[in-house]
Amino acid sequence: MKDSFFSFDDEPSPVVRDLSKPRKYIIDPRDIGGVLVGSKSVDKAKCSICDQKLALDIFYFDGKTRKFIRCEGCKKYLFELEKKPKVID
């Protein structure tokens, strides 16, 4: 085994986000036919872009409700929460 395998003296490379590229957000659910049913603030998380509060918005689409996370600072929708299928062992 190489001696450098356990060498922890190297500094970790910093993660740098390229600010010249525009940030990709998801489409506003109202633009694709969603009706806002409810909204509530998320206290335990903050936006990674602007460090503002997040909100959980619930939209109604053709007989189903879908949940989206919106940044209150950026005023954009960041992602959609999806139900994961349960795996039975």
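I looked up the salt bridges and found that the structure holds three of them, a salt bridge being a side-chain nitrogen of Lys or Arg within 4 Å of a carboxyl oxygen of Asp or Glu. I note that this is a predicted model, in which local features need pLDDT of at least 70 and side-chain atom pairs count only at pLDDT 80 or more, while totals for chains, interfaces and linings use all residues. Residues are numbered from 1 along each chain as its sequence is written, and side-chain values use heavy atoms, with hydrogens and water left out.

I then went to Asp 57 and Arg 70, whose side chains form a salt bridge at 2.8 Å, N to O. This pair links distant parts of the chain, with Asp 57 in strand 2 and Arg 70 in strand 3 (residues 64-71), 13 residues apart; strands are DSSP runs of E, at least two residues, numbered from the N terminus. Both Asp 57 and Arg 70 are buried, where buried means under 20% relative accessible area, exposed over 50%, and partly exposed in between (1.4 Å probe, protein chains only).

Next I checked Arg 66 and Glu 80, whose side chains meet in a salt bridge of 2.7 Å, N to O. Here Arg 66 belongs to strand 3 and Glu 80 to strand 4 (residues 77-81), 14 residues apart. I recorded Arg 66 as partly exposed at 30% relative accessibility, and Glu 80 as partly exposed at 25%.

Last, I looked at Asp 28, which forms a salt bridge with Arg 30, their closest N and O atoms being 3.3 Å apart. Asp 28 is partly exposed at 23% relative accessibility, and Arg 30 is partly exposed at 44%.

Conventions. Helices (H or I, at least four residues) and strands (E, at least two) are DSSP runs, numbered from the N terminus.
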